[in-house]
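This report describes a structural model, moving from its chains and cores to its interface and charged pairs. The structure is shown first.

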Amino acid sequence: MKRVSIVVALAIAVGLSPQVAGAQNPKAGSTAGAEKKKTTLEIVRENGALSCGVSQGLPGFSAPDDKGNWAGLDVDVCRAIAAAVFDDPSKVKFVPLSAKDRFTALQSGEIDVLSRNTTWTLSRDTSLGVNFAGVSYYDGQGFMAKKSLKVNSALELNGASICVQTGTTNEQNVADYFKGNNMKYEVIAFANADEAVKAYESGRCDVFTSDVSQLYAQRLKLATPADHAVLPEVISKEPLGPLVRHGDDQWFDIVKWTLFALVNAEELGVTQKNVDEMAKSDKPELKRVFGTDGNLGEQLGLTKDWVARIVKATGNYGESFERNVGSGSKLEIARGLNKLWNKGGIMYAPPIR
Amino acid sequence: MAIDARPPPPQLVAKLRRALGGRSGWKGLLAQVLFVAALFWIGYEIVDNARDNLANQRIASGFAFMSHTAGFGVSQTLIPYQESDSYTRVFLVGLINTLVVSVVGIFFATVIGFAVALARLSPNWLISRIGGGYVEIVRNLPLLFQILFWYLAVLGSLPSPRQSVSVMDSFFLSNRGIVVPRLAGEAGLDGFLVALLIAVAAAIVLPLYARRRLFATGKPMRVWPWVLGLLIGLPLIAFLIVGKPFSLEVPVLRGFNFVGGSRIAPEFVALTLALSTYTAAFIAEVVRAGILSVHKGQMEAGASLGLSRGQTLRLIVIPQAMRVILPPLTNQYLNLTKNSSLAVAIGYPDLFSVFAGTTLSQTGQAIEVIAITMGVYLLISLVTSALMSLYGWRINRSMGA
């Protein structure tokens, strides 16, 4: 018996070894420069769709609507990239990911871009092999508590039980905040936000903590949203934005400039409705943006009309904001910091020129 | 009809077997050495390849992160832990939580499992149907569902701390768990503990002595009055001599939660309940099969000696059944340990949750963290199975005697 198993194991090993050698080839290729690695843009074009990592269902940011179509602010970033690459915002494969799995999915190449309310931090930017392409939403962490507890401030939370989603910056911020204010707490960490909210609703925790935008989104899912209040304190900076893998600068540029195009379009007053009209404009700035002058889009590896494609697909940043999380949505979140820089906010994109 | 001769084994396999392991001596040895070398080579290639790819993607690798500050809180820790401790500490906290829930779960699963199996085999119609019903219901529902059921439906519906059910204002049951008074050590604690230790040691040694005496002289000896006397008497004497060893710390509701006392968290209770009742259903079937594998003549022999059904089972049938029960029972223990990783769904901070979950996503060191976690689960499983094999070996030896 023992011998048979050894024979079988050896046979498997022999069978595997060519694959091992094969797996080694790309490495040898890149060092010798004999074989060129495919760029992400080429891979996306070959697959015929962008593979985009999103959350597992966060209303306003990325959640399937009643018809099963993904919608939200993060989803619009994916659609805008697909529009820029394919001129078709529907050519996106959405991959729902938990907070814990999202980086591994990006590192391993399962997805081409991660657009999933992810906070930009130094350690994530440097040690995970990823690049943040910019900020699509300026957020901060807050607390939600039952109104019946009669808590008016996060500083009254000494000794409270706190439900949180594991693997998020929220988990560390809450530790910092309570330590900094010399308060005790008990943290119960769940693998995904829905479980954390369920435990909060059942009374296991006094407080649920997350980014403020998420608190509003999750509150909609509760049985009686009116019984719960978001406390005024915002305890951290949470700049959220899309990210890509290290090592493909062209793809990094495409994602980055897609985001900038959305913001610039709002600044220039280009909307989904007037985009065709604006494209005919004689203004030098608009001519550069719409590719009637110069070849900025082609420098990115896209086409001249890339901005027009993007705005036609999703509207500009402001339109996307209002539709998904702002006054046009159930969330009704005020623009706040996310207003354009010249309107009192900090949303600012480098110029397209 | 003539019986066909047994066909010869396929040529290829026979040849391979002859070439590799089929012969003893240096040729066999050479094959083994080459095989091990090949394994090492493949392993080296995998590691080297992964390291190069990680370096190319600029993903940090190595185990340096283990000494970095974790910076997040853990709800239940049996060793002191705070946010400023390292990931190594987090790993230990998670490991201990996993071991505790596994050991407690295995204990209860075994007790419930044996009870259900005996119930199922009982001549009493009602009891046997209850046992059968338990097994059929529990083992056919997914474990994750049962964990969530206990956590959200049963424990989640308990009142909040302010409306908690209390006994004598010192034991509290609420949706934050069970809070009980804690014994805080005082000056006379050491003497008291020594007395308790002596009593426990005596309680273990006495039955062994009685057994030996029974085998040697045939005289039975009543052990339990002695044991009981020692267990109560010795600590009592110590109490009288050295004075009050403990002070009772009664929990008080202050603000959001109870202050003071000891607390058993609902996550732990839910996980232990779900794991032990679920695994018990499988253990019950394993035990039932084991007992049925013992010839019914053994039962009759016991009865003819005038032993009761309980004595026959305990002294004659179960020892023989253990040989059959042990291997599948080991599997159930391993399953329970591995299933404890479902804790992540209800926020119990086990190894999988705080290390392969939080630590992994905070550091992004997927390969290292997963490798360590795999290694630890493997080690736990191997140790469990080694202990069970040791027990099986002892049973076999005593049967042979």
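## Basis of the model

This is a predicted model, in which local features need pLDDT of at least 70 and side-chain atom pairs count only at pLDDT 80 or more, while totals for chains, interfaces and linings use all residues. Residues are numbered from 1 along each chain as its sequence is written, chains are lettered from A and ligands numbered from 1 in the order in which they are written, and side-chain values use heavy atoms, with hydrogens and water left out.

## Chain A

Chain A contains 14 helices and 14 strands, taken as DSSP runs numbered from the N terminus (helices H or I, at least four residues; strands E, at least two). Of its 353 residues, 56% are buried; buried means under 20% relative accessible area, exposed over 50%, and partly exposed in between, with a 1.4 Å probe and protein chains only. Among the contacts in chain A with a separation of 6 or more, 71% join residues 24 or more positions apart, a contact being heavy atoms within 4.5 Å.

## Nonpolar cores

The largest nonpolar core has 59 residues, and Leu50(A) and Trp251(A) have the most contacts inside it. Such a core is a set of buried Ala, Val, Leu, Ile, Met, Phe, Trp, Tyr and Cys residues joined through side-chain atoms within 4.5 Å. Not counting residues up to four places away in sequence, Leu50(A) touches residues including Val44(A), Ile81(A), Phe86(A), Val113(A) and Trp251(A), as well as the charged residues Lys91(A), Lys93(A) and Asp112(A). A second, separate core of 54 residues includes Phe114(B), Leu155(B), Ile318(B) and Leu336(B). In soluble globular proteins, nonpolar side chains tend to be buried together.

## Interface between chains A and B

The contact takes 54 residues from chain A and 51 residues from chain B. The buried area is about 4400 Å², with carbon and sulfur atoms giving 55%; this is the accessible area (1.4 Å probe) that the two parts lose on being put together, summed over both.

Three salt bridges are counted between the chains, a salt bridge being a side-chain nitrogen of Lys or Arg within 4 Å of a carboxyl oxygen of Asp or Glu. In one of them, Glu267(B) pairs with Arg204(A), and the closest N and O atoms are 2.6 Å apart. Elements that give two or more residues to the chain B side include helix H5 (143-155) and helix H8 (266-293). The largest share of that side, nine residues, comes from H2(B). The chain B side divides into 21 nonpolar, 20 polar and 10 charged residues.

## Salt bridges within the chains

Over all chains, 17 salt bridges are found. Lys38(A) and Glu46(A) form one at 3.3 Å, N to O; Lys38(A) is partly exposed at 47% relative accessible area, whereas Glu46(A) is exposed at 55%. Lys221(A) and Asp194(A) form another, with the closest N and O atoms 2.9 Å apart. This pair links distant parts of the chain, 27 residues apart, with Asp194(A) in helix H7 (residues 193-202) and Lys221(A) in the loop between helix H8 (212-219) and strand S12 (228-230).

In chain B, Glu136(B) and Arg139(B) form a salt bridge at 3.2 Å between the closest N and O atoms. Both lie in helix H4 (residues 125-139), three residues apart, about one turn of the helix.
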